[in-house]
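Subject: Structure handover

Hello,

Please find the structure below, followed by notes on what was found in it.

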Amino acid sequence: MTAATHFRTCHLCEAMCGLAIDVEAGAITSIRGDAADPFSKGHLCPKAVALKDLHEDPDRLKRPLRRTAAGFVEIGWDEAFDEVGRRLSEIRAAHGDDALGVYQGNPTAHNLGTLLHGQIVLRTLGTRNLFSATSVDQLPHMLASLLVLGHQAMLPVPDLDRTELLVIFGANPAVSNGSIMTAGGAMRRLGEIRARGGRVIVLDPRRTETAARADEHHFVVPGTDALVMLALLHVIFADGLARPGRLAPHLRGLGPLRALAARFAPERVAEACGMSAGALRALARTIASTPRAAIYGRVGVSLQTFGALSCWLLLALNVVTGNLDEPGGMMFTRPAVDLVPNAARAGLRGTFGRFRSRVRGLPEFGGELPVAALAEEIEVPGDGRVRALITSCGNPVLSTPNGPRLSRALDRLDFMVAIDVYLNETTRHAHVILPPTFGVEHEHYDVLLHAVAVRNGAKWSEALFARGEHQRHDWEIFRELHRRLRPRGALEHVTHAARQALLALPPARMLDGALRLGPYGDRYLGGARLSLARLRAAPHGLDLGPLEPALPERLYADDRRIDLAPSLMLADVARLESTLLGGARVNPARELRLIGRRQLRNNNRWMHNAPRLVKGRDRCTLQIHPDDARARGLADGARVRVTSAKGAIEVPIEVDDAMMRGVVSLPHGFGHDRDGARLQVAATHAKGASLNDLTDEERVDALSGVADFAGVAVTVQNVEARAAE
Ligand SMILES: Nc1nc2c(c(=O)[nH]1)N[C@H]1C(S)=C(S)[C@@H](COP(=O)(O)OP(=O)(O)OC[C@H]3O[C@@H](n4cnc5c(=O)[nH]c(N)nc54)[C@H](O)[C@@H]3O)O[C@H]1N2
Ligand SMILES: Nc1nc2c(c(=O)[nH]1)N[C@H]1C(S)=C(S)[C@@H](COP(=O)(O)OP(=O)(O)OC[C@H]3O[C@@H](n4cnc5c(=O)[nH]c(N)nc54)[C@H](O)[C@@H]3O)O[C@H]1N2
Ligand code: SF4
Ligand SMILES: [Mo]
């Protein structure tokens, strides 16, 4: 058999790197960066090479599993679908629509079948109990876009290739490879900013791998970014440096924002946020005096007590300094599958607070409830209790706050079905697991990521291997599940039949339709309308040019203005002041503040089963500042017990002055020590302990409902010293 090279997009993170994969005799022989990909230009990270490990992983599931008293056993697809359809229908008929819960995890965003067929099925179940990784991720960014720009999906991205100043709040692209900033080779692009005389400034409680390659880094106390941003706005207004420019006629709320910022002089917030007043003033002036600046923030600002406020103020800073929607600033894409204007035309701009969670009253966002409330929605009796759960592409036992409580709650479900490729910490609770094809076994197009990329583009990836007879694609699983969910009532019979007809279209057909209806018709492609056929003829992908100004056309509020001072945000400022400026302080001699950290050789909580990613030293370490270690009599490598209000774990420490004093950092994604999972490599080489055994489901941003992971109070104690007590 001859060797062939296959070109596709890596689907593992948001960077959309182009891959060149050599295949011989039905096996992958090499994976390289595709230098001819116009977007990523050959960039690659170690995870892409491990695609081979994941593809060939003997632990990866290919046939449905049923949980029995003797453990999980393989069953046929028909039998599995019959059981799932019957149990879900029974529970819904007996207890109502809300008795079905859904959790969708992160790989949903990287999977065409799940994004198309999955949403059609899961979002029309009629239940209020929809949960997803959004509420442990980007929710506050989306809420800010909804309230300020009128549409939850209007997410601006830094125009990396033209900016002269990139200010990064709480993101670490050197490791994450960029988020809501799809940029194959993000660090090459950051290097180019500096090479052309521009600057990169990072604000983070840890001197990160990105900060180490930046011009400037400031330590910030976790959870205080909103104060920093208000102080920056204070200086910009007070010094007469506000220049909203072209967008000035389209603004609302500039006066109230200025009045608010007037109360937050740098001197007032300096101590709380850990930056000096002088540094805050200097930073404000640098931002205001650089013509092309992008002020960007990611999970460090969204996953915290003041996530919504921080994301709003981030947008406001860009607007007030004339950097929103300008080349070199924060811009909007025009993707080939352009969901925003079509949704807006249909009246779909996003929703917030239409209803609240049953037990704790947390707000709905975009049709979903915050996942921090999932455990209690399963546990607490009453009407609307979640009795059956469908998970898809998610591992919430490791990824959501207080995972152990959720783990116990899952055992109380009447029925659980997991659509997943592994038997892991979450799916081991399922009664039935339905494993879809994975990665190179299916076609790929990044509907969501092209919409947050630093250049416009489009790329289609063919499946590299045909699926086996015994396998099913995600979309086939969703279509079949839907078919077996018994419709309720006469009207529901009609809509059920209509949806079933739509679900009969494979993802490629749906995508082709969306491309043809998209904005790249005659204008860019010499009269050849962009279609799937056109993309198939361009295996390295199409570059559709740099980002272009999109406002005011793409303002979706009723008055078509940018609201710089949404009333919901203004009302939350009192909480910011009383919490952070009210005098109460963490005592660093006793308590430390815990934050998370991502690692290059893993993705979230599910790539530790790839041998080439986990070889080497134990990476599940608690990083701690030398002073904080000394105060506790801890030497580098000592094993410590880390205790929070919700749990305790044991890990070795790494003494490192990259940490801010008073702050400790633990990686994500470990904790592969639960019984019943089938992750042999992870359990042997990357067991570690789970960060979310310590986090607290009761800690959420009271405004948005997003989980608060920034600065969980913990004590750190030598394990031996504790044993001697
Ligand atoms: N403390 C703390 N917790 C966090 C974060 C944090 O910063 N701090 N970050 C949060 C963030 S940003 C996110 S996005 C969430 C992620 O949270 P989750 O999405 O719940 O977690 P993942 O680890 O991404 O889980 C992915 C699951 O999908 C499965 N999978 C992989 N590929 C496929 C596929 O193609 N099809 C199907 N059906 N399944 C697949 C994997 O086996 C795994 O079970 O975690 C959040 N949790
Ligand atoms: N290799 C790898 N890549 C990934 C992932 C992965 O797990 N591994 N996960 C993917 C996912 S799902 C996502 S959402 C993206 C996330 O992409 P990023 O947001 O770039 O990822 P993080 O590395 O978590 O960066 C968050 C930073 O915020 C800092 N931080 C914590 N608390 C605060 C705070 O209160 N204020 C400030 N200013 N900073 C704070 C942390 O120290 C950290 O450096 O990465 C994606 N890419
Ligand atoms: S950076 Fe992300 S997209 Fe690029 S190769 Fe690595 S995992 Fe894949
Ligand atoms: Mo994420």
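Arg 268 lies over the face of Phe 264, 4.9 Å from the ring centre. The charged end of Arg 189 is likewise placed over the ring of Phe 39, at 5.1 Å from its centre. Here a charge sits over a ring if NZ of Lys or CZ of Arg is within 6 Å of the ring centre and within 35 degrees of the ring normal.

This is a predicted model, in which local features need pLDDT of at least 70 and side-chain atom pairs count only at pLDDT 80 or more, while totals for chains, interfaces and linings use all residues. Residues are numbered from 1 along each chain as its sequence is written, chains are lettered from A and ligands numbered from 1 in the order in which they are written, and side-chain values use heavy atoms, with hydrogens and water left out.

Ligand 2 has 28 residues around it, of which Ser 176, Asp 204, Asp 225, Asn 602 and Asn 604 come nearest; a residue is near a molecule if one of its heavy atoms lies within 4 Å of it. By class this shell has nine nonpolar, 13 polar and six charged residues, where Ala, Val, Leu, Ile, Met, Phe, Trp, Tyr, Cys and Pro count as nonpolar, Asp, Glu, Lys and Arg as charged, and the others, Gly among them, as polar. Helices α6 (173–176) and α12 (299–302) each supply at least two residues of the shell; helices are DSSP runs (H or I, at least four residues), as are strands (E, at least two), numbered from the N terminus.

- Asp 204: a side-chain N or O atom is 2.7 Å from an oxygen atom of ligand 2.
- Asp 225: a side-chain N or O atom is 2.7 Å from a nitrogen atom of ligand 2.
- Lys 47: a polar side-chain atom is 3.1 Å from a nitrogen atom of ligand 2.

Taken alone, ligand 2 exposes 910 Å², and the protein buries 96% of that (Shrake-Rupley method, 1.4 Å probe).

Lys 47 is also among the residues surrounding ligand 3, which include Cys 10, Cys 13, Cys 17, Cys 45 and Asn 177. The shell around ligand 3 has eight nonpolar, one polar and one charged residues.

Helix α5 (residues 139–149) is largely enclosed by the rest of the structure, because ten of its eleven residues are buried (under 20% relative accessible area, with exposed over 50% and partly exposed in between; 1.4 Å probe, protein chains only). Among the buried residues are His 141 and Ser 145. Just after α5, Gly 150 takes a positive phi of about 90 degrees.

Regards

How values were computed. A polar contact is a pair of N or O atoms within 3.5 Å; within protein, one must be able to donate a hydrogen and the other to accept it, and residues adjacent in sequence count only if both atoms are side-chain atoms.
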